[in-house]
Amino acid sequence: MAAVLDVTPENAWTALWRRLHQDRVGAVSLGIVAAYLVMILFAMAGWLAGGWSVEVGVPYANPSFLGERPNLEAALQKRSQRQGKVPDLRDIDPLAPRYDEWAKRTQELKSTEPERSLTLPWGGDRWGRDVLDKAIKGSQVSIAVGVVAALCATLIGTLLGALAGFYGRWVSDLLEWLYNVFTSIPAILLIFTLAAVLRSGPFASVFASGIWTVVIILAFTGWTGMYRLVRAEYMKHRSREYVLAAQAIGASAASRMFVHILPNVSHVILVQLSLLVVAFIKVEVVLSFLGLGVPIDMVSWGTMLAEAQNELIIGKWWQLAAATVFMAIFLTAFSMLTDSLRDALDPKLR
Amino acid sequence: MAGYILRRLWQIVPTLAGVVLLIFFLFKLFGGDPAQILAGQIASQEQIDAIRRELGLDQPWYVQLGIFVREILTFDWGKSWITREQVSHIFLSRLPATLTITIPILLLEAALAIPTAMLVAYYRGTLLDRSVMAICVAAMSISFLVYIIVGQYVFGFHLGWFPVQGWSDSFWRNLFTYAPLPILLAALVGLAPQTRLYRSFFLDETKSDYVRTARAKGLSEPAILRKHVLRNALVPVVTNISLLIPGVFVGSFLLEIFFSIPGLGREIYLAVNRSDYPVIQAVTIYLSVLTMLINLAADVLYSFVDPRIQLR
């Protein structure tokens, strides 16, 4: 008898971990997502793809496995370099007296043209940058934007949802009104409006570099779904016995909201958060493609696709393939992981 | 019914007021100075002051808000800052092109997704079901951009089955020459998420008691699906389609940009790039009103689809 009573209930998060392991699809997806995260950390530290912006190959360098493929663009550029002899304009050029001075200064400056390789592991882009490096760095930027924006949207949605669900009455009415306002504007129009405002307004220069413009746009437009879910959960939980018990021993409203109720609704938030990550990455790709996303000195899957459109017409398909494959694998794995997570967290299936 | 509709219309008022305030203050607080944008890079202070007076920007904010509300109520937004085209004319001339591609997309998606979802729901749990679902997840992970880029290249440029891009003045020529490729691409992309969703609707119904009763009395599985499950599952399907309807107006902006279709979505994208505020504001506010009205219409439609729902 005593042995039975000794069994302590399994912690929810250990149970989640155990079930994710048992679910084969979930385990594989988790492995892939983890591999991406390691890759991103390495890219952030600069150990991987740190030199993505260096022009290491000839323009449109062929992928190594297609090394023999004729590369018209690189050949044309080579020829124009060889024909570099300038016609003599000494008689008519008003700047002719300064030719000697310039020649001397040219001799003083040493410029070395790095040896550009003819092939790169997964080909090169228009400027001869390594497409594989770009895809890795692009993964870092796209996933970072998706995750950071989803966290911001979750923060807004959870906070407002908790307030509305916990307090009810006029707080709820006010926030419901706000929710109605935000959801009655078609999402894409709200995104475009924010993009227009942020790119021409007084904050344009503040956010000109970095990923903050697109993060703000996504967080500001994407919090509504989270708000609705969290509000419903808080309405359910606020009059449960454990919350009333906490109130009876003098727990403050803030403590009941965020110490007692929040852990009990965190599984809902976690699933919605990972759904947001997938959705936001897709939107970021479109925005960057349209030139409304990450700035031009950064690379994301969206900016790669923007370049790929013109490359495809002249038969350079590798940048398109790289961006598509990197993105598709991550999003498939992440979506599958979300599904497994939802199943593993569903108390009905326990 | 009439009372319900009137009350819902009355409820739109505060929401609409919120939308107007949100848009007004977004542009007022975070947007650039309209006079500066209008006058361009090289403008004297007098020019800027003149524009400020003309637009009422030298007035206090509540007067400006009044001007803004008057513009909304009278449908008089003046001209686009950049092209000097009447904003109302932009609406009327761009909308037909957008609808020419979005309405066929909506119909085609539903016509493809509902039977596919029924099929996989019928073969639930089998290899067919699981492979279709896996393909759907993989298909949804590829950006819409990739489908458009590759589709335009393969079917328009490489195989030459469709024109790469273009538009004409004739509706029929547009519909049968220029629109098919974008319509097909969008319908194929929309197929994956909709099939997944509708399959879950069908499966939810197959677990219910009346289906078990139908099975118990010996009805064949296809007959159960067609006569019992389909009818009941159509309620959430109709809900989902009605949620997609507001997207009909600007949802195809990517297609319009790629295929040079002179539609509303592309116009807004151009307006964003040109900081053409009146166009963005007008489109946003009117389409929000339209969205609210469509949602109301969808709620009324429910009571016809599902007699259990009573509007009060």
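At what angle do the axes of helix H7 of chain A and helix H1 of chain B cross? The structure is a predicted model, in which local features need pLDDT of at least 70 and side-chain atom pairs count only at pLDDT 80 or more, while totals for chains, interfaces and linings use all residues. Residues are numbered from 1 along each chain as its sequence is written, and chains are lettered from A and ligands numbered from 1 in the order in which they are written.

The axes of H7(A), residues 169-184, and H1(B), residues 2-30, cross at roughly 70 degrees and come within 9 Å. Axes here are lines fitted to C-alpha atoms, for helices over the stretch in contact, with angles from 0 to 180 degrees between N-to-C directions; helices are DSSP runs (H or I, at least four residues), numbered from the N terminus. The two helices are therefore roughly perpendicular to each other, a term covering 65 to 115 degrees. A:Trp177, A:Asn180, A:Val181 and A:Ser184 meet residues of H1(B), including B:Pro14 and B:Leu22; contact requires C-beta atoms, placed from the backbone, within 7 Å.

Taken as a whole, the contact takes 36 residues from chain A and 39 residues from chain B. On the side of chain B that touches chain A, the largest share, 9 residues, comes from H1(B).

A further view is given by one residue of chain A. Leaving aside neighbours within four places in sequence, A:Leu305 is in contact with residues of both chains, among them A:Phe289, A:Ala323, B:Leu145 and B:Ile149.

How values were computed: Parallel < 35°, antiparallel > 145°, perpendicular 65-115°, else oblique. Contact = placed C-beta atoms within 7 Å.
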